[in-house]
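Subject: Structure handover

Hello,

Here is the structure you asked to take over. Please open it first, then read the notes below.

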Amino acid sequence: MTTPTTVRPGVVRVGDREVTRAEVEDFLYHEAQLLDEWRLDEWFTLFEPEGRLEVPTTDGAGWDATTAGYFVCDDYDLIQARVKRLKSRKAHAENPHSRTHRMVSNVILLEGGAETLWITANFVIHRYRDGGTYTYVGRYEHVLKVDPDRLRFRVRRAVPVMESMDAGARLSFIL
Amino acid sequence: MQQTPVRPLGAPGGGALIDEDWEALRFRVHRSAYREPELFQQEIDRIWNHTWLYLGHETELPRPGDFKTRTLGGRPLIFCRDSDGEVRAFFNSCTHRGTVLCRHSEGNTKFFQCFYHAWAFSNSGELAALPGDDAYPDDPGFRASMALRQVPRLQIHEGFVFVAFDPDVPDLLTHLGAAAHYMSLTAKIGPHGLTTLPGVQLYSVKGNWKLAVENAMDGYHFAPTHNTFVGYLRETGFAVTDDDQYAYDLGGGHGLLVLTGHNGRIGMVWEPRFGDEEKARTTAKRQEMESRLGTELAGEIADASRILFVFPNLLLFDLEALTIRQLEPVAADRTDVRAWQFVEVGEPESVRALRIKTMVSFVGPGGLATPDDIEAYEAVQRGIVATANPADPAHDWSDMSRGMANEKQGNQGRSIDEGAMRSFWRHWASVVGVPTSVAGAPPTVPSATGPSRPKGE
């Protein structure tokens, strides 16, 4: 995939620096590790203020969260509220926590902007709880804010590709 | 209170499934009602095959030719608007050999063509193409007999489309009874009407469908189950209260909770998380509603939130914002759920965005509250296996007696009591045809009209 901001395969220019696919992969792998280990405070620091967390519905056809129903459309305050909730033992749906195991692959750097980078990646998340096993399959469509020394989420969107949420497959955890 | 002797059990023993005792102030449901596959099949036969069912909203089909496919009571259907603009429901099965005719979940078409032998039907059901028709009787009656099968009954109230598989059900408005009024209240919120949005939450829970009904009619669970959501609201500056809020038996199994202390209402009752811009708009919208509807009706619509259950498969949540939820029973221990955002036609973009964000933060499998409800249905479904024991029948009951003493005194049941669940179960038992046991004198039930009539008279 080549766009005007692609420097060479797997390298995109954003503002005055280059971002490599390896850097994005490291960011996504680190995030997956934080989520699988339920280190939610650290995970929350991966968002810039004004960051968003979105999960469209399975019938989604690219509608944005201002014109269509979503599973999750959190602004920054709601992400914070979600983290606080999930850390509480009164978040009954996640007490005890689900065991999750994430695979992230097929990372593609789509296009750079003045300070942001659009990326996509595939995910498979296995979730285990109460004797049930659930598989969530989809792709990430993120807008990353590129800082001089790190990446952060401006929009973190997980797009499920399943036809619906299977019996028991709720989204009480972070997809 | 002494434990009274237990009457013979319901399934499989043939005794009462509902045990109601107005001397002991006890109402309980035998747990086989959530568990037994035979009883589930009886529900499909007696309820889903013989009662009006919510199919969808006509705004899901804005243009002629629009269609959705949807399973209702286990039957695959095509829900469509024909080329003349009429809303229709067909069985999604080719009249030739029974193949599922339309395999897409939604779209727009003039014709539905079966891939198997290429028979095609117009979107009003006529057989439009019969390949190799020289080998069939040269008789218009034959073609007519092969028209796509329509669901026997279809009626619409305020845009809510209901169907029945039994041609002899009474009219929809008779079925809806007092519930029709509350659907009309919600429908009047917007000066240009209301519409469903695309982006449907499709999910499934490992629980009996009646647990989802109970949960919606149960204000008692709100504070403990949604502790974290109540905490979130408190931090935004809104204090949840359960005081002075009531539950209503609307007859026919329909139920209503009227809530004033659980949330604001976008455009109608402001709360801090809606923001300052919305505060000014709320004042203006109230004036618009009063001039359009009169002060009294505007107040009835705007001042309180409502959770309406229309027996057996529709829940209308008129809360911070609006959600339509449809329950589709799949098995005794599994229910598919579909939920639509329901919004005002023509509202400003910023309000639409606020509405979606706010509603989704509460309801649905990814919200901050519904996952805990789902946890409750599923934990009940797992838990009630424990007491299934013919050798010890005394402990296989779920209790729903909260508030009976208050009700016996002739008072309106509170939202945090279990009266709306009791009226649902009584109606359920009468329709499904399971035995019940009633001891003592039930209180005189006020006419089932909900809160707009004088209470206790």
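The notes below go through domains, chain contact, sheet, core and backbone.

This is a predicted model, where local features need pLDDT of at least 70, side-chain atom pairs count only at pLDDT 80 or more, and totals for chains, interfaces and linings use all residues. Residues are numbered from 1 along each chain as its sequence is written, while chains are lettered from A and ligands numbered from 1 in the order in which they are written.

**Domains of chain B**

Chain B splits into domain 1 (1–51 + 178–457) and domain 2 (53–168). The bounds come from an automatic or database domain assignment. Their C-alpha centres are 33 Å apart. In the contact between them, domain 1 of chain B gives 18 residues and domain 2 of chain B gives 16. Contact here means that the C-beta atoms of two residues, placed from the backbone, lie within 7 Å.

On the domain 1 side, α2 (37–48), α5 (179–187), β13 (194–196) and β19 (322–331) of chain B give two or more residues each. Helices (H or I, at least four residues) and strands (E, at least two) are DSSP runs, numbered from the N terminus. The largest share, four residues, is from α5(B). By class, this side has nine nonpolar, eight polar and one charged residues. Nonpolar covers Ala, Val, Leu, Ile, Met, Phe, Trp, Tyr, Cys and Pro; charged covers Asp, Glu, Lys and Arg; the others, Gly among them, are polar.

**Chain A against chain B**

Here 35 residues from chain A meet 35 residues from chain B. On the chain A side, β4 (47–56), β5 (70–74), α3 (76–87) and β10 (165–167) each supply at least two residues. That side holds 16 nonpolar, eleven polar and eight charged residues.

Strands cross the chain boundary too: β10(A) is joined by two bridges to β14 (residues 201–205) of chain B, and the two run parallel. Strands pair if DSSP finds at least two bridges between them. Met165(A) sits opposite Tyr203(B) in β14(B).

**A sheet in chain B**

Three strands make an open, antiparallel sheet in the order β3-β12-β11 (chain B). β3 (53–57) and β11 (153–157) of chain B are at the edges with a single partner strand each, so one side of each has no neighbour in the sheet. Five bridges link β11(B) to β12 (residues 160–164) of chain B. Ile156(B) faces Val161(B) in β12(B) across this pairing.

**The core**

The largest nonpolar core has 155 residues, and Tyr70(A), Leu117(A), Leu53(B), Leu55(B), Met217(B) and Leu308(B) touch the most other members. Such a core is a set of buried Ala, Val, Leu, Ile, Met, Phe, Trp, Tyr and Cys residues joined through C-beta atoms within 7 Å. Buried means 20 or more other C-beta atoms within 10 Å of a residue's own, exposed means 12 or fewer, and partly exposed is in between. Both domains of chain B give residues to this core, so it lies between them. The residues that Leu53(B) touches include Trp48(B), Phe162(B) and Asn313(B).

**Backbone details**

Asn95(A) and Pro96(A) are joined by a cis peptide bond, with omega about 0 degrees. Pro96(A) is in the loop between α3 and β6 (99–112) of chain A. The bond from Phe311(B) to Pro312(B) is also cis, with omega near 0 degrees.

Asn106(A), in strand β6 of chain A, has a positive phi near 50 degrees. With 10 C-beta neighbours inside 10 Å, Asn106(A) counts as exposed.

Best wishes

Technical notes: Lists of a residue's contacts leave out its neighbours within four places in sequence.
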